[in-house]
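Subject: Structure for you to look at

Hello,

The structure I promised is below. Please read my notes with it open.

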Amino acid sequence: GMKRVSDLATSSEHTLAIDYDTGEIYGWGSPQNGRLSMGIDKDVCINSATPVLIHKLKDGAQPKFKTVACAVNFSLAIDDTGSLWFTGVNYPDNKF
């Protein structure tokens, strides 16, 4: 499990933390709308009161994340290449 945290973000529904040593994201709270999935199968993300490792992404990539942000209906993360990752409710007007 995670021993040291490099970044932490929370909303009223869920929390994300980045493992300082690995850059992996751990999440806990409500998985509704894919807030905890970060690109993986939503079925993997269950309600959890304790941190759960967000497993490898669907394409097999395992980026090292640097920062995370949470809102009620979505999550954002930036990896070490500067790429932005988004998961959750994707309203048609949201543009990045």
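Alanine 69 stands opposite leucine 76 in S6. The strands concerned are S5 (residues 65-70) and S6 (residues 74-79), which run antiparallel and are joined by five bridges. Strands here are DSSP runs of E with at least two residues, numbered from the N terminus, and two strands pair if DSSP finds at least two bridges between them. Three residues lie between S5 and S6 in their hairpin.

This is a predicted model: local features need pLDDT of at least 70 and side-chain atom pairs count only at pLDDT 80 or more, while totals for chains, interfaces and linings use all residues. Residues are numbered from 1 along each chain as its sequence is written, and side-chain values use heavy atoms, with hydrogens and water left out.

S6 is also joined to strand S7 (residues 84-88) by five bridges, again antiparallel. In this pair, serine 75 stands opposite threonine 87. The S6-S7 hairpin has four residues between its strands, and glycine 82 in the turn has a positive phi of about 90°.

Threonine 15 is in strand S2 (residues 14-19). Threonine 15 counts as buried because its relative accessible area is 12%; the cut-off for buried is under 20%, with a 1.4 Å probe and protein chains only.

Regards

Key. Buried means under 20% relative accessible area, exposed over 50%, partly exposed in between (1.4 Å probe, protein chains only).
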